[in-house]
Structures are given as C-alpha cells and as structure tokens.
Amino acid sequence: MSDRKIELFSYKFSVYSRIVRIVLAEKGIDFETHEINPFASDVPARYLNIHPFKRVPTIRHGNFTLYETGPVTQYLDEAFNGPSLQPNAAPERARMRQIIAIIDSYGYWPLVRKVFSSTFKEEIDEAMLNEGLQESAPVLAALEKLVCDAGYIAAPSYSLADAHVIPMIDYFLMVPEGAAMFIRYPKLTHWWDHIKERPSTISTRPILSSEKS
Ligand SMILES: N[C@@H](CCC(=O)N[C@@H](CS)C(=O)NCC(=O)O)C(=O)O
C-alpha cells in the first residue's frame, strides 16, 4: 500500500518495541531500526524531539511520525496490506481494545517492571518481586476471564491484543515465581502454549545475556 519504508526507533529489550516488531512481522512489513536505549542518560536530543516522554517505540513513515504503541500498531494494520489484525465484529474489536488497555494500565508495571526487573540485580529484590507477583494476580485473573475460547486472546483469529500481551507474559514467565503463578490460569496457559510457537513470537524474542534492562 505504501512504498515508503517504516523506520522503527526501538530498544532491543523493550517489551513495547517488541509489540511493534511482532505486528511488523505479522503484516510482513519491511522496516529499518534505529536503536535507542530509553533508560540511558544520554538519549539523543533529536529523539527527544520526536518522543517528548523519552520512551520507545516510535515509528516514522515518510513524513509521518507516531508514538504510543496502541495507535502505532493500529496504524500499521490499517495503512498496510497483509492480514487484518483487528476483528470486524464490534464486540471482538472492543474486547481487543479492552485487553490492550488492561495490560497497558495494570499489567506492564507489575509483570515487567516489578517481577521481571526484580531479577536484574546481583541478588533478587525479593520485596519488589513479591509486590509484583501480588499486583500481577488480579491482572492475570482478569485476562483469564476474558481470553477467547477459540484460540487467540480476544477473538477467533490473531489480533493486535495477542501482539500486545505476548512480550509482557514472556518476560513474566522468565522468572520462576512468575511461571509458577501463571499455571494457575488454565485458559491463559492454553493460549500461551500455542502462541509461543508462532513465528512472529519466536523471531522477535530478545536474546538476553547478562545485559538486561
Ligand atoms: N505508553 C507507551 C509506553 C512505552 C514504554 O513504556 N516503553 C518503555 C520500554 S518497554 C520505555 O521506553 N521506558 C523508558 C522509561 O521508563 O524510562 C507506549 O505505549 O508506547
């Protein structure tokens, strides 16, 4: 639909950047990456000019620049050919948006920034881990109630909600206490067991070494 190449400003360990990379893979969109570490103290001023909140990701498509992952993935879905990643039926489309809103508003911080990040230090930050696990439980319980029985998280076909939730669950499950908690949610576990094998999940998975962020 468009001959201008997408430029993606992203960070290799960032869950939000991965959401966009998953959608790019699902749509088969060619892109080039500019690596930005938003946690660094020396984020280039020219990046802050396009993202005043010093976060990743941002995309540029010709003269059009866009940040905030939800609108970015909707734009990619709507501006490019490839499989549609937003259900047509209003209830399923609303469910997709609801799941994205839940994971953004209530999930990212406990699942990723507390549970996953608690393992960054030489010694695990137990207080942060336990707080994160406690705060993750209602989020997982809410998703367990909402997950679509027909295979994908929001609808019978793959949607932007799957792409949005995958990176956060993946990091949560890398922590043994997170994985132990997750199996208490059978429908979510069933969803994960098949979504984790999808090519876009596998090809976008960050390679974590001792360098984490
Ligand atoms: N609301 C933003 C959130 C993006 C976000 O929080 N990205 C993280 C990386 S996964 C970030 O840039 N963090 C930098 C920081 O917290 O200082 C979006 O939807 O894109």
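**The ligand and its pocket**

By class, the shell around the ligand (residues with a heavy atom within 4 Å of it) holds seven nonpolar, two polar and four charged residues; here Ala, Val, Leu, Ile, Met, Phe, Trp, Tyr, Cys and Pro count as nonpolar, Asp, Glu, Lys and Arg as charged, and the others, Gly among them, as polar. This is a predicted model, in which local features need pLDDT of at least 70 and side-chain atom pairs count only at pLDDT 80 or more, while totals for chains, interfaces and linings use all residues. Residues are numbered from 1 along each chain as its sequence is written, and side-chain values use heavy atoms, with hydrogens and water left out.

Of the 13 residues around the ligand, those that come nearest are Ser14, Arg55, Val56, Glu68 and Thr69. Polar contacts (pairs of N or O atoms within 3.5 Å) include one between a nitrogen atom of the ligand and the side chain of glutamate 68, at 2.7 Å, and one between an oxygen atom of the ligand and the side chain of arginine 113, at 3.3 Å.

The ligand takes up the space of the largest pocket, where a pocket is an open set of points on a 1 Å grid over the protein atoms alone, at which a 1.4 Å probe fits, with protein on both sides within 12 Å along at least five of seven lines, and a molecule sits in it if more than half of its atoms lie within 2 Å of its grid points. Helix 4, one of the helices (DSSP runs of H or I, at least four residues), gives the largest share of this pocket's lining (residues with an atom within 4 Å of a point), namely six residues.

Note on methods. Polar contact = N/O pair within 3.5 Å; in protein donor to acceptor, adjacent residues only side chain to side chain. Helix = DSSP H or I, 4+ residues; strand = E, 2+ residues; numbered from the N terminus.
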